Amino acid sequence: MRCPSDTGGGWGRMTDLLDDYITAAGPALRLPLSSTAIRNRSVAARALIARAGLGAAGTFDELLAAARGRDRRWLTRIRRRVDPAVLGSLAQTLALQDLLSTDRRDALALFELIRAACGRRSMTPAQRALHVQLAYVWEGPARAQELLRTYPGLPEPAATGLRVDLLNPYAEAGPAADAAAWITAFRQILPPPRPVLSDDDTAPVPFDRLLTPEPPAKVAGPHRVSVVVTSFRPERGLITAVRSIVAQSWGNVEVIIVDDASPPEYDAILAEAVALGDRIRLVQLPENQGTYAARNVGLDAAEGEFVAFQDSDDWSHPRRIELQVQPLLADKQLVATTSDGLSVTDELVLTRPGFRSGRFNPSSLLLRRNAVLGRLGYFDRLRKAADSEYLGRIEAVFGYHAIRHVDAAPLALIRLSAGSLSRSEIRASYMHPSRAGYLSAFRLWHERIAAGTAASAHRPRDGSRRPFPVAAHLLDGTSRKRDYDVVVAADWRVLEGAHQAAIEEIRALAGDGLRVAILHLEGYRVLTIRRRSIAAAVQDLVNAGIADQILPYEEVEAGLLIVRHPTALQFPSDEPCAIRPRRALIVADRAPSRCDGVDRRYTMAQGTATVRALFQVEPHWCPQDPEVREALRAAEPQVELTAFDFPTLVDPTRYLAPRTGSGQPPIVGTDLADAASWPADVPDALAVLHRLRGVDVRIRRPDRPGDLGDAGSHAWLSYAATDLEPRTFVHQLDFYLHFPHPRTVETVSHPALEAAAAGCVVLLPERFAGTFGDAAVYCTPEQAQETIDRYAADRTRYREQSHRARLVAGNAHHRRAYLNRVASLLRPPATVTPLQRTGP
């Protein structure tokens, strides 16, 4: 199909691309768009948010100029055509990304411009609260106090935190600072008995002056709770932490301080901590091993029936242990409890822009020692991030209802100091890539544990027999240079046809002895508020050691980088990238847009620029099929394409025996893996199925957030993408139908190829004949019913086409053709330097 070379001003127009991304995101884009931009640290995504808020009324640069110049008239003139809440999310994005030297000033200026031109109620309550929080942190209490008086209806607990902080005499002094009023207000946030500040002059910061003036009555009982406190190079915070445990209302408590090989100069403060009570023991490790190795030592040293944990610079409420152990005594089915904490600075300041000060406290875990150790073993032997894994593993083994979260006011104060381990690795909507990779890996392992398909949930104390790999950053903090033959980059959160094909390609590469890694590049065609893990089928490759997952900051050299789809290159991260391939191939799995000029997915210029900037190499563009090649030439004729199309592969030997005929009624279906990225995709893909009569229709829904709405039929059998893998799905079918919108360009459909390899009779439009050949039967949507009836009624005809489909698909898309192509690309090019164009 020939596509026009210029539709609506050309496919390369950035505003057209932005508009189609906004359309694809749908009306509820404000929160997920901002969260995605912050999570990926992308400056380029700001233009997308600005377009969503301004439409055609202005540009990001014009908006920023008006904000910097305090030109409220510019925004006032167009305010009826803009969305102030989306513009507020743009200000939020600048503030929480904080990537450029001007970001703080610009974020505050944008908030001020929106408030002045559109009204103080034009932004959401959360955005108003963030504006005041940013003013408090970046401009001072006086400015925050002024804004707090003008903004109505700030949400809790942000409003309370701001009011309390403005009274705090230990923070930067403001007009409302009042020591007596502040301590009264601060104490009200915590449950009774509430702490006060002592007159201890030796404590350098208010946090370390916390004490309970009226300790609660001791609760006696035979059930001992061992509290493990790990430390390394402890300061006065250790005294605060241990003192808060000694003051617990639960009387039968022992404290085990596990010191992780601090130098001798810390012996004095360790001795002072031990002297705080008669049930305090010190275990000193001979060499530094990390927080969770130290916790494991504490688990072995504990004598109590129950074990709890305490970070070495935090403070526990006097009733924390009592309130967490009581549910375990009352219900023998429970194995653990948790509670909330309140994040504060050394000066007991609550306000952290973009964060809730009151939150789940992962260090609050209190567990039945024997039951948990017997089934799970120990904490993962990492230096950080292992507390969430351990808690998740407990839930996977014992079930969700075996853990109870104590529903009470915060039972701990969590210190946020400059030296906090995770201060720079967990920010608002952002998590360090090593932590995100670890989270994705252990979640899949936990799913396997809960389903009973994991070999074991037990982890040994020494950290051996790891069930999945972990980034060196979490193990020992070292950086090891690695080398791979092939790195395959994509947005791995969802499984479209290109991703399903890439999984087969990775397996083939690894099976041929090549060193393979995957790189995750989060795109903007799937927007989510919360981080979404890598798809299970891809994470399985990593957990099984078939492919490594590499992270952008890691020093990696590779023979070949394959970017499996170019939409992942459109709004790149501005985080540094240390991955250096010798060659790079961008696979155009889809055309830049449909033939009718809508659903613009990428520009080749941006894809090229991203690869150059991130990987310091000149990329080559490789079409998936001849029709995509034609579309690429029409879109950006100046870009050089490879002489070959990207080879696809399927493996018919992985399917069941040949079919002998169709069922009655015939089972007909389609995999919607490549649908739902554009609003009209799903109705287009399902239109032919709605016309059929006397058949059993089955569909596999897209692997995306949301659902199909009313596109399907209640009489159909509909599977979520996570219910079964594509191969299992096509094994159910007699006929596979693929009739996308007639203005789509692509003629390679990996789900349809898989169906042919499985022996289905595949029905396609005539324009697919060049790709599928005899592996499919060609008809119009109107002829689908007649075609199905003809093959279903004639077993010989059906059996012959099924055999032909398997044979043709297997021969035309044999793995050896793919492997040979990759091998040719891995041959050393002649005198290649970074950003120098080379031949394919």
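Here are some questions and answers about this predicted model. Residues are numbered from 1 along each chain as its sequence is written. Local features need pLDDT of at least 70 and side-chain atom pairs count only at pLDDT 80 or more, while totals for chains, interfaces and linings use all residues, and side-chain values use heavy atoms, with hydrogens and water left out.

Q: Is helix H26 largely enclosed or left open by the rest of the structure?
A: Helices are DSSP runs (H or I, at least four residues), strands likewise (E, at least two), numbered from the N terminus. Buried means under 20% relative accessible area, exposed over 50%, partly exposed in between (1.4 Å probe, protein chains only). Eight of the eight residues of H26 (residues 750-757) are buried, so the helix is largely enclosed.

Q: Which strands stand at the edges of the open sheet of six strands?
A: Two strands pair if DSSP finds at least two bridges between them. The order is S23-S22-S21-S24-S25-S26, with parallel pairing. Each edge strand has a single partner, so one side of it lacks a neighbour in the sheet: these are S23 (717-719) and S26 (777-778).

Q: What is the angle between the planes of Tyr21 and Phe571?
A: Rings of Phe, Tyr and Trp (its six-membered ring) pair if their centres lie within 6.5 Å; planes under 30 degrees apart count as stacked, over 60 as edge-to-face and the rest as tilted. Tyr21 and Phe571 lie 5.4 Å centre to centre and are edge-to-face, at 75°.

Q: How many residues apart are Tyr21 and Phe571?
A: Tyr21 is in helix H1 (residues 14-25), and Phe571 is in the loop between strands S17 and S18. The pair links distant parts of the chain, 550 residues apart.
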